[in-house]
Amino acid sequence: VTCLLGLGAEALARRRFRDSFGRYVSREIAAQVLAEAPALRGERRHISILFSDLRGFTTLSESMPPDEVAARLNEYFDAMTTAIFAHRGMVNDFVGDGIVAFFGAPLADPQHALNAVRGAAEMDRSLAALNARWGAAGLPELRMGIGVHTGQDFVGNIGGTARVKYTVVG
């Protein structure tokens with residue numbers, strides 16, 4: 001009985017990890033992380049980090065009701081996340097109207113820099129498609145800035161006993 005409980009607990013933990021981690025990476029990457037089980041506790045690694053920010057969004061959001069701001073950001077973030085996942089990226093955080101993503105972790109990717117640039121280009125194309133639809137509906141268009149940094153960083157779980165987050169430092 002104890003053995004069966006242990007197996008059940010392990011299966012539940014793996015499912016929770018897959019569901020939780022699946023919010024940051026594509027399902028394929030989450031499955032691969034589970035299969036390969038890289039050290040999530042942390043390591044120095046050569047990776048690429050993508051930062052994006054909407055230009056003038058704070059001013060625009062001040063003229064909109066909060067629920068409309070949230071709906072617009074959700075649509076934007078959904079499109080940008082799709083573009084990042086399509087190029088093996090991991091969404092690390094949404095900070096206001098900004099996005100922090102990285103490429104080359106948790107799984108090694110020798111093409112991380114190229115994938116980050118391809119992800120940025122796809123984000124730009126995705127925003128153009130959103131702007132075309134929003135413009136046709138009479139909504140103001142959004143502008144975005146994107147930067148990519150490639151270098152040696154620490155990537156892994158950071159935090160305390162109450163809250164831990166898989167992130168990048170460096």
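Student: In which loop is the place of R88?

Tutor: R88 sits in the loop between α4 (66–85) and β2 (89–95); helices (H or I, at least four residues) and strands (E, at least two) are DSSP runs, numbered from the N terminus. The model is a predicted one, in which local features need pLDDT of at least 70 and side-chain atom pairs count only at pLDDT 80 or more, while totals for chains, interfaces and linings use all residues. Residues are numbered from 1 along each chain as its sequence is written, and side-chain values use heavy atoms, with hydrogens and water left out.

Student: What is the phi of R88, and is the residue buried or partly exposed?

Tutor: Its phi is near 65 degrees, a positive value in a residue other than glycine. Buried means under 20% relative accessible area, exposed over 50%, and partly exposed in between (1.4 Å probe, protein chains only). R88 counts as partly exposed because its relative accessibility is 33%. A positive phi is also found at G138, which follows α5 and has a phi near 80 degrees.

Student: Which residues does the cis peptide bond join, and where is P106 placed?

Tutor: The cis bond joins A105 and P106, with omega at about 5 degrees. P106 lies in the loop between β3 (98–103) and α5 (112–136).

Student: What does the secondary structure of the chain come to, and what pattern does the chain follow?

Tutor: There are 5 helices and 5 strands, arranged along the sequence as α-α-β-α-α-β-β-α-β-β. The chain has 170 residues, of which 39% count as buried. For contacts (heavy atoms within 4.5 Å), consider those with a separation of 6 or more: residues 24 or more positions apart account for 66% of them. The accessible surface (Shrake-Rupley method, 1.4 Å probe; for residues, only the protein chains shown count as cover) comes to about 9700 Å², of which 56% belongs to carbon and sulfur atoms.

Student: What is F77 in contact with, beyond its neighbours within four places in sequence?

Tutor: F77, in helix α4, is in contact with F94, G96, D97, G98 and I99 once those neighbours are left aside. F77 counts as buried because its relative accessibility is 9%. F77 and G98 are 21 residues apart in sequence, with 9.1 Å between their C-alpha atoms.

Student: How many residues does α5 have, and which are buried?

Tutor: Helix α5 has 25 residues and reaches 36 Å from its first C-alpha to its last, close to the 36 Å expected. Among the buried residues of α5 are H112, N115, A116, G119, M123, L127 and W134. What covers the buried residues of α5 includes β1 (43–55), α4, β3 and β4 (143–159).

Student: Which residues of the largest nonpolar core touch the most other members?

Tutor: In soluble globular proteins, nonpolar side chains tend to be buried together. A nonpolar core is a set of buried Ala, Val, Leu, Ile, Met, Phe, Trp, Tyr and Cys residues joined through side-chain atoms within 4.5 Å. Here the largest has 25 residues, and Y76, M80, M123 and L127 touch the most other members. At least two residues of this core come from each of β1, α3 (57–61), α4, β3 and α5, and α4 gives the most, with 8 residues. A second, separate core of 9 residues includes I49, A105, V155 and Y166.

Note on methods. Expected span 1.5 Å × (residues − 1).
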